[in-house]
Amino acid sequence: MRFILERSRYDMTKYIIGTSLLLLLRIPLWGQQPEVVPLERNPALYLEGGRSERIRTARADTVNLPFIDDFSYYAESPYPDQSLWMDRYVFINNDYPVQPRSNGVATFDALDADGKLYNNNSPRFAADTLTSRPVNLGESGVTNVYLSFFYQPQGIGDNPETGDSLILQFKSADQEWRSVWNTPGTTVQPFKRVLMPVPPNYLHKGFQFRFVNMVSLEVDPYNPGAKGNADHWHIDYVSLKDIQSPEDTAILDVAVIAPLKSLIKGYTSIPWNQFRYAATTRLESQISITYRNNYYKSFFIPKVFEIRDIYHPLSAPIQIISGGENLPGGKIETFYQDLFNPFISTSVDSALFELKGYLQTDDADRKENDTVRFYQTFKNYFARDDGTPESGYGYRGINAQDCAIACRYETFTPDSVQAIALYFNPTDSNNVTSRYIFKIAVWKDDNGRPGEQVYLSNEEYSIKEKGKYVTYVLEKPIYVTKYYWIGWQQVTSGFLNVGFDRSYNDQGNLCYNSSGVWQTDVNKGTLMIRPFLGKRSDFYTSVVDPETATATKMRVYPNPASQYIYIAFDTLTGINPADYDIEIYGQTGRLRYRRTYTDAYIDVSSLEQGLYIVRLVHKKTKQSLTQKILINR
C-alpha cells in the first residue's frame, strides 16, 4: 500500500512538472520577441473580392504549338493567362522570385484562387494546380515535342520541406493524370531548367499537362498566426514545342529580371515639400536595370531610360539612351546609368513620376520582357515599403500587453507628424482580432533607438479594416526636426499581424520593447507603417461610414491617352480607394480591364486605339462614376 501511495505521488509530481514544462514551452514569457510569420491571405487576391469563384475554370478550347508563357503580364493580372491555362490557383507576380529567367513568375503556395488558405487539415495535401488548355499534338509532322520550364523553391518566401514537392503530370489519352516528374522541397536555389520529352503515346489532339504542389501546414492552437502561407515554388518560362534541331531548345530572349527601384535612398516615397531638402543627400546618382541573356550567343543590347512627369503629361520626358555592350549567353548584367535630378515639376503639394527602363532588342526577341516601370510618388507621407506585404509581423504570445514596437523615420526639414498609417494583413480571424487593442505612439530618437515617449494616443484602437493601410490622425501634431520613432503600444495581448515587406531590407530601423529595454530587430525586411506630415488642415476626421461612403467626382487624364491613364477622385469624405474597382469597357461593352483601385497609373498600351468607358465602382454599394476616354497613338 505504501509503495502504491509513493508511486502515485511520483506520478502526480511527474505530471505536474511535465505539464508545467509544456506550458512554459507554449506560453511566451515576459521579454518575448515579435515574430515574422507567413500570410494567412494574399492581399493582391484578397482585394479581387472573390471574383475568381465565378470564372475559375476556362473553356477547354484546344490551342496549337508553340505553347509559351513567361508570366510577364504580372502587372496586369495576378491570375494565369486564360488563353493558355484552365485554372486560376497560382499567383502571377514579381515579388517572390530571386533572379527569375524573365520578369514575372507563377507562384505555387498554400493559398487558393481567392488568396485564402486551403481548408484542408491533412498533414500534407495537394494545393495549387496550373493546368494547360488542351494542346493539339496530333498534327502531321509533330514527332519530337519537348516541355521546358524553370523552377525555384522558396524565393523570398517559405521553403518547402523535404516531404513537400513540386509535381508535373501529363494527361493520357484515357483521361488519366500521370506523374512524370517531381522534385522534393528544399531551401532557395537558383532557377533550374527541366527539359522533358513528351512520349509518343501522348502525341494526340487534346494533350494536357499540369503542375501541382504538395504542402504541409503548421497548426499550433497555442500560437495564433503560426498557420499561414507556406511551401513556395516558382516556375518561369513554360514552353511546349516541336524540336527539330538542338538550337530549338534554346530560349531566344534577353529579359529584364528585376523591378526598377526607388531613386530616393531608403524610401519609396517622401513628401513633395521635403524633397528639395533631401535631394542633396538621398537622391540616387544612378538608375539601374538588371537583365539576363537567356540565349547561348552574345547580344549587343542598348538600354533606354525615360522619366516622365505624370501630373503634367504634355511636358517632354527625360530620355537617356545608353551605349550597349555585348552580353554573353547565360549571363546576368546590372547596368548603371548616371543621372542628375530628374524630378523637376511645377506641382505644388504633390508629384508623380514614371520611371521606365527598357532594352532595345532585335525583332526576334520576346518584347514582353524588355520593359520595367516604377512610379516615384511624392505626396505627404514617408514610406519605406512597396505597398505589398510578403509576411506578417507582431507579438504572438499571450503576454504582449504593454509591449511596444517602433520604426525610425526622419524629416529633412522641421515638420509636424499629423497621422500614422498601419497596414494590417487580411486574415480569417475577425472574431479574435477585433479584441486586440493598441495605442499609437511616437518617441524621440536616442542615438539610434527610441528614447522619450512624446505621444501616446488616448484612444484605444482595434483592427477593423484589413488588406489596406488604415490612417490614425494624431490627437495633436508632433513637431519633429530630424530622426524620430513611430509605432504602437499594445493594451491587450494578440497578434496584430502588421504587414512586413521582405523585398526592402530596412534592418536597424525597427525596434521592440517587451521587457523595459529597447532591442533592435534583426529580421530582414521593412515594417509597413507610414508617417503623414504637413498642415493640420490636410487631415480630417470623417463622420461618414467607410463601408458606404462613395466618391462624388472622378477625373481621368491624360485624355486623349497613349500609354497610360491616371484616375483621381475626391478623397475628402472618408472614402477608402481600396473599396473601389476600376473597369474599362470597349465601345461594344466588352470588359477590357478590371482591378482594385491603386495609387498608380494604369498601363493602357495593350488596348487598341479607340473610345473607351472608364468606370469607378464601389465594391459594396455598386454605385459608380463613368467617364469616356480616347486612346490615340
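The largest nonpolar core of this structure has 70 residues, and those with the most contacts inside it are F343, F438 and L527. Strand β26 (residues 468-480) gives this core its largest share, five residues. The model is predicted. The points below treat the cores, the aromatic pairs, the charges placed over rings, and the sheets and hairpin.

**Nonpolar cores**

- Leaving aside its neighbours within four places in sequence, F343 is in contact with residues including L263, I264, W272, F275 and L283.
- Further along the chain, the contacts of F343 include I307, F353, L355, Q376 and F378.

**Aromatic pairs**

- A search of the whole structure finds 43 aromatic pairs.
- One of the pairs is formed by F108 and F211, whose ring centres are 6.4 Å apart. Their planes stand at 70°, so the pair is edge-to-face, given that planes over 60 degrees apart count as such.
- F108 belongs to strand β4 (residues 105-108) and F211 to strand β11 (residues 205-215).
- Y151 and W233 form a tilted pair, with 6.4 Å from centre to centre and 50° between the planes.
- This pair also links distant parts of the chain: Y151 lies in strand β7 (residues 145-153) and W233 in strand β12 (residues 233-242), 82 residues apart.
- Y151 is buried, and W233 is buried as well.

**Charges over rings**

- The ring of Y79 has the charged end of R88 over it, 3.9 Å from the ring centre.
- The ring of F335 has the charged end of K303 over it, 4.4 Å from the ring centre.

**The sheet of three strands**

- Strands pair in a sheet through backbone hydrogen bonds, in either a parallel or an antiparallel sense.
- An open sheet is formed by three strands in the order β13-β14-β17, with antiparallel pairing.
- β13 (254-256) and β17 (332-338) stand at the edges; each has a single partner strand, so one side of each is left without a neighbour in the sheet.
- On average, neighbouring strands of this sheet are turned by 30° against each other, direction ignored.
- Seven bridges join strand β14 (residues 286-293) to β17 in the antiparallel sense. The bridge partner of S288 in β17 is Y336.

**The sheet of four strands**

- Another open sheet has four strands in the order β36-β35-β38-β39, and its pairing is antiparallel.
- Its edges are β36 (591-596) and β39 (624-631); because each has a single partner strand, one side of each is left without a neighbour in the sheet.
- The twist of this sheet averages 20° from one strand to the next.
- Strand β38 (residues 610-618) and β39 run antiparallel and are joined by eight bridges. Within this pairing, I631 in β39 stands opposite G610.

**The β8-β9 hairpin**

- Strand β8 (residues 165-171) and strand β9 (residues 177-184) run antiparallel and are joined by seven bridges.
- The two strands form a hairpin with five residues between them. In the turn, Q175 has a positive phi of about 70°.
- F170 stands opposite R178 in β9.

Notes. Residues are numbered from 1 along each chain as its sequence is written. This is a predicted model: local features need pLDDT of at least 70, side-chain atom pairs count only at pLDDT 80 or more; totals for chains, interfaces and linings use all residues. Side-chain values use heavy atoms; hydrogens and water are left out. Two strands pair if DSSP finds at least two bridges between them. Axes are lines fitted to C-alpha atoms, for helices over the stretch in contact, and angles run from 0 to 180 degrees between N-to-C directions. Rings of Phe, Tyr and Trp (its six-membered ring) pair if their centres lie within 6.5 Å; planes under 30 degrees apart count as stacked, over 60 as edge-to-face and the rest as tilted. Buried means under 20% relative accessible area, exposed over 50%, partly exposed in between (1.4 Å probe, protein chains only). A charge sits over a ring if NZ of Lys or CZ of Arg is within 6 Å of the ring centre and within 35 degrees of the ring normal. A nonpolar core is a set of buried Ala, Val, Leu, Ile, Met, Phe, Trp, Tyr and Cys residues joined through side-chain atoms within 4.5 Å. Contact means heavy atoms within 4.5 Å.
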